[in-house]
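User: Could you take a close look at one part for me, the place where the two chains meet? I'd be glad of the cut-offs as you go.

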Amino acid sequence: MQQAAALNASSGSRSKFRPGDPIFAALSRASGIFVLLLLGSLILSLFVGGIPAFRHFGLGFLFSTTWDPVKEIFGAGVSIYGTVMTAVLSMILAVPLAFGIAFYLTELAPAWLKRPVGIAVELLAAVPSIIYGMWGFFVIVPLMSQYVEPTLIDLFDGVPVLEDLFAGPPFGTGIFTAALILTVMVVPFIAATMRDVFETVPPVFKESAYGLGCTTWEVMRSIVAPYTRTSVIGGIMLGFGRALGETMAVTFVIGNSAHISASLFSSGNTIASIVALEFPESPAGSLKLSSLLALGFILFVISFIVLAISRTLLRPKLKV
Amino acid sequence: MKFALAAVAIGLAGFTVAAQAQSITGAGSTFAAPIYGKWGEAAATAVGIQLNYQAVGSGAGINQINNRTVDFGASDMPVKAEALAEHKLMQFPTVIGGVDVIINLPGIKANELKLTGPLLADIYLGKITKWNDKAIAEVNPGLKLPSTAIATVHRADGSGTTFVFTDYLSMQSAEWKEKVGASTSVSWPNGAGAKGSDGVAATVRQIPGGIGYNESAYAEQNHLTTTMMRNADGKFVAPTMEAFAASAANADWSKVQNFAIDLNDQKGAESWPIESATFVLLPTDPKDEKQSAAVKKFFDWGFTHGNDIAAKLLYIPLPAKVQDAVRTAWKAVPGGM
């Protein structure tokens, strides 16, 4: 009897108006809209700021490889090339490495080693990019200019295609070194994502495969990889996005010159690095400042394209 | 980067000293930041003016004074007369700094190698590519030059130092003037770009055969291998304080408007050919005359009592008659001293 009364009382209070719910709903809706507004205003302000440059140089802005602040002729070609080239190169190097780390951690590593290596990967992801930049400049660049680049240049001398890819004076800085630093920076992201999703594979799947006599590699290839494919692609795209927008570390090691050359050892620049370097000396209202804002807008568009591609790659999974 | 750190440290130290002193704000030149920082520290106790200086770069400093968000702007590149008139600004120099050429040639010590302006331009244009080129050997009789390839290094970030250097090259080579020109950042024909003075110094040190340029104060403090340069009188001089001062003294300041003098390639047997003054911009229609008066008082103190501090930081003080001319010019700005 008493219990029933208590139940009644509690259900009665539940039906009463509770102000917390609509307030929470409104707040969370506002947060969602805030993100849209923020993104929209960012893109808009970059675009509006870039209009004078787009108008002055037209579509040629995208392809022109001239960046001449004295004659006020600006083009985005070198920076777009550098941005895409360093990011793609770093992905070519980072994805197999990250896969190896994740595979080792989930399948091969003895239990006592899993934690230290796992924590080391996560710590690497937390290192600020300026630290990678300084380490790259003071440690990697001298190594590259004294040992790695002269060796590679001599090794491939006379081999078609490769002799053009690895040519030029061994400055140590350049597209290749920038891609190496980016690789070190994105590997932890991709490896950590891959490890986490590899561990979501239900043990019963893997055990059944092992029961059928599969080797570790066959289990990886036929069970784990297909099961986690979409999440792995998501992790890779996360790393790619970071590589595209990385600023400080790249600025230190890319050599910063406005030329495109076939050689991977030649200096170049990226959108993020040229904006960081030129911004302080760009007077308000100048064509240079407008060109830098236009570059920012282009970087936004490139990131958007990458995101869109990763979304389409993820789609089949969403239907299931 | 060292300059910026020093400026921050000095700024923090100064902050604790005089809390109720009159405070002025300035922004711009990173090149002048160390001296303004030191002057600010000393002036806070001496005349009770607290300077809050942001080393954001000359371009950003000009933007800020155009928008009147600071009491004065600071630029390494003199502002054109039309721009001064448009934004109602007056301009005056504060201190002078030299630019050194630095090299990395194993076996060659500081100030052993002699270079000329046209040679330097040809090197940066990529026309001279080996250190044992005939043209370099001609001015360096008796010096054993290696056959190492020349690797030119330049500032990748926009910088007043680059302006001084490229302005000098434009004077020395018609081809440079036409193809590249002079600005805080230019379209370099070849070589590697490095970020900041420390970046240029480190890159040159890392590449045998490297050549670069740096503010003399930075080159001196870090014991970089400098070169001698041929000046307008045809004499080879080493980058010393005396040579910088000689160049500033030999310049004819009376002929230029708004003190927008080019100190590159001045006459005189002792003169160092690559150097420049750094400038301050002050509104002629100040929002608050008291603030402008304090700015003038601050730099007046710097001119009168700050020369030793400047010399210690390896800046060259303005010649006395130029300082007096600046004081006269200040009359154009409302607010007494």
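Analyst: Happy to; here is a walk through the contact between the chains, with the counting rules alongside. This is a predicted model, in which local features need pLDDT of at least 70, side-chain atom pairs count only at pLDDT 80 or more, and totals for chains, interfaces and linings use all residues. Residues are numbered from 1 along each chain as its sequence is written, chains are lettered from A and ligands numbered from 1 in the order in which they are written, and side-chain values use heavy atoms, with hydrogens and water left out.

Chain B brings 36 residues to the contact and chain A brings 29, where contact means heavy atoms within 4.5 Å. Together they bury about 2300 Å², with 56% of that on carbon and sulfur atoms; buried area is the accessible area (1.4 Å probe) that two parts lose on being put together, summed over both. On the chain B side, the elements giving two or more residues are α3 (58-66), β6 (151-155), α8 (174-179), β7 (192-194) and α9 (196-206). Here helices (H or I, at least four residues) and strands (E, at least two) are DSSP runs, numbered from the N terminus. By class, that side of chain B has 13 nonpolar, 19 polar and four charged residues; Ala, Val, Leu, Ile, Met, Phe, Trp, Tyr, Cys and Pro count as nonpolar, Asp, Glu, Lys and Arg as charged, and the others, Gly among them, as polar.

As for specific pairings, there are zero salt bridges between chain B and chain A, a salt bridge being a side-chain nitrogen of Lys or Arg within 4 Å of a carboxyl oxygen of Asp or Glu. Nine residue pairs, both at pLDDT 80 or more, are in polar contact across the interface. That term means a pair of N or O atoms within 3.5 Å; within protein, one must be able to donate a hydrogen and the other to accept it, and residues adjacent in sequence count only if both atoms are side-chain atoms.
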